[in-house]
Amino acid sequence: MWGSGSGGSSRKKSRGKSSSTTSSSSSSSSSSSLNQAAMEKLFNEICDPDDPSIATMEGISKLCESLHIDPMEDLRILVLLWKMDATEKPAQISRKEWMNGCQKLQVDSIAKFQSILPSLDIGFMDQSDFKDFYKFCFQFNRQGTHRTLDKDLVTALLHLVLNERIAGDRLSTFISFLESAKGYTRITLDQWVSFLDFCYECEDLSTYDEANSAWPVLIDEYVEYMEQQARK
């Protein structure tokens, strides 16, 4: 279960063709400085023996070992896969995505991958990027053609992904609610995303208006659960 910086501060205003040419030249030089064969070799070390065009969870775990990070607990592997745009299919990265991702992140060796690990901390993400990453976490952890996630996986992912991104009591009480809600065995993408939106838009549950809300029923039931807990 698993669970690029924009560099805006270094940008300068363009001034005519001269700036544009310099920028294009810099980009080309940056690309050519990468060792394509080394990027391929890295992928060959983690690709599926039966289908060398992809790396599955087993191969991704091997990458984690090389990077000295825990694939089960370290969120940075999910951030890395998100930044490499591993979105073609759940639970894997294709060779094409790998090569494009290496170009995007400017990495062609384990040492370079290790050097960017600090930048993969979700604390560096703004709200928009984090929401995109949060959605990716759901999609990447789907199995096969399933469009939903098992509730147990969802609660584990919520703790891993949202810890320190939303209020601790909101996270813990929502997880407790899910664990006790017998009517929910699987969670949809809409429910997953709606919980994050709800956390952003409704910090104070006393202001929640169920009659006029457009939230999924899951959110209504969570608020009811919290009201019942308050009366105990």
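Buried, in these notes, means under 20% relative accessible area, exposed means over 50%, and partly exposed is in between (1.4 Å probe, protein chains only). Helices (H or I, at least four residues) and strands (E, at least two) are DSSP runs, numbered from the N terminus.

**Ground rules.** I am working with a predicted model, where local features need pLDDT of at least 70, side-chain atom pairs count only at pLDDT 80 or more, and totals for chains, interfaces and linings use all residues. Residues are numbered from 1 along each chain as its sequence is written, and side-chain values use heavy atoms, with hydrogens and water left out.

**Entry: helix H4.** I started with H4 (76-83). Seven of its eight residues are buried, so the rest of the structure largely encloses H4. I listed them: Ile77, Leu78, Val79, Leu80, Leu81, Trp82 and Lys83. What do the buried residues of H4 pack against? I found H3, strand S2 (92-94) and helices H5 (95-105), H6 (110-116) and H7 (127-140), with contact meaning heavy atoms within 4.5 Å.

Entry: Asp85 follows H4 and lies in the loop between H4 and S2. Its phi is positive, about 60°, although Asp85 is not a glycine. At 41% relative accessible area, I put Asp85 down as partly exposed.

Entry: Leaving out residues up to four places away in sequence, Leu158 touches Tyr134, Asn163, Leu171, Phe174, Ile175, Leu178, Trp192 and Phe195.

**Entry: the largest cavity.** A cavity is a set of points on a 1 Å grid over the protein atoms alone where a 1.4 Å probe fits but cannot get out, and lining residues have an atom within 4 Å of a point. Grid points are joined across faces, edges and corners, and the volume is the space filled by probe spheres set on them. The largest cavity comes to about 40 Å³. Its lining includes Leu158, Tyr134 and Trp192. Helices H8 (151-162), H9 (168-180) and H10 (189-201) each give two or more residues to that lining, and H10 has the largest share, with three. By class I get nine nonpolar, one polar and no charged residues. For these classes, Ala, Val, Leu, Ile, Met, Phe, Trp, Tyr, Cys and Pro count as nonpolar, Asp, Glu, Lys and Arg as charged, and the others, Gly among them, as polar.

**Entry: the second cavity.** The second largest cavity holds about 30 Å³. Ile46, Ile60, Leu63, Leu80, Leu81, Met84, Ile93 and Trp98 line it, and its lining has eight nonpolar, no polar and no charged residues.

**Entry: helix H9.** H9 has 13 residues and reaches 18 Å from first C-alpha to last, close to the 18 Å expected at 1.5 Å a residue (1.5 Å times one less than the number of residues). Its buried residues include Arg170, Leu171 and Phe174. Among what covers the buried residues of H9 are H8, S4 (186-187), H10 and H11 (217-231).

**Entry: two loop residues.** Glu164 is in the loop between H8 and H9. Its phi is positive, about 75°, although Glu164 is not a glycine. Is Glu164 buried or exposed? Exposed, with a relative accessible area of 75%. Pro49, in the loop between H2 (36-46) and S1 (54-56), also counts as exposed, at 77%.

Methods: 1 Å grid on protein atoms, 1.4 Å probe; cavity = no way out; pocket = protein on both sides within 12 Å on 5 of 7 lines; lining within 4 Å.
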